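Subject: Structure handover

Hello,

Please find the structure below. My notes on what was found in it follow.

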Amino acid sequence: MSSVGDGDGGQRHVLAVDDSSVDRAVIAGILRSSKLRVTAVDSGKRALELLGLEKKDVSMIITDYWMPEMTGYELLKRVKESSELKEIPVVIMSSENVPNRITRCLEEGAEEFLLKPIRPSDVSRVCSRVLK
């Protein structure tokens, strides 16, 4: 993936997906403080719509696991099954520590599974590893 941006100074673009407006604001704030460009959407469906429009422009997806309509796991599967999107790293977040759910997401191709509440240190660790 090239780090050359489209007039954004090469800033990495992260798609944040969470049905909770509070959690969306928190994760977007943490990502922006790491000098990342953030687009926040409220559902997996909206994320897929946006990815259809901007697939070349998204460096990472960070998504909540449990959302109505489409879970973060289903979003992960759709991204990894797409020849155009499968290279985009996906990070799953959840407030529930369910080991088999975490394992299933990692086996399906998630880069990381973060437990909420999300801490800035978690995000910076993941970003430094995933957004090389």
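A nonpolar core here is a set of buried Ala, Val, Leu, Ile, Met, Phe, Trp, Tyr and Cys residues joined through side-chain atoms within 4.5 Å; buried means under 20% relative accessible area, with a 1.4 Å probe and protein chains only. This is a predicted model, in which local features need pLDDT of at least 70 and side-chain atom pairs count only at pLDDT 80 or more, while totals for chains, interfaces and linings use all residues. Residues are numbered from 1 along each chain as its sequence is written, and side-chain values use heavy atoms, with hydrogens and water left out.

The mean pLDDT (the predictor's confidence in each residue, from 0 to 100) is 91, and 92% of residues reach 70 or more. Residues 1–8 fall below 50.

The largest nonpolar core has 24 residues, and Leu15, Val17, Leu51, Ile61, Leu75, Ile92 and Cys105 have the most contacts inside it. At least two of its residues come from each of strand E1 (13–17), helices H2 (44–54), H3 (72–81) and H4 (99–107), and strand E4 (90–94); helices (at least four residues) and strands (at least two) are DSSP runs numbered from the N terminus. Another core, apart from this one, has 19 residues, including Val14, Ile30, Leu31 and Val123.

Asp64 lies in strand E3 (residues 60–64) and counts as buried because its relative accessibility is 6%. Beyond four places in sequence, Asp64 has contacts (heavy atoms within 4.5 Å) with Val17, Asp18, Asp19, Gly72, Met93, Ser94 and Lys116. An unreviewed UniProt entry annotates Asp64 as "modified residue: 4-aspartylphosphate"; such annotations may be inferred rather than shown by experiment.

Regards

Note on methods
Buried < 20%, exposed > 50% of the residue type's maximum accessible area, 1.4 Å probe, protein only.
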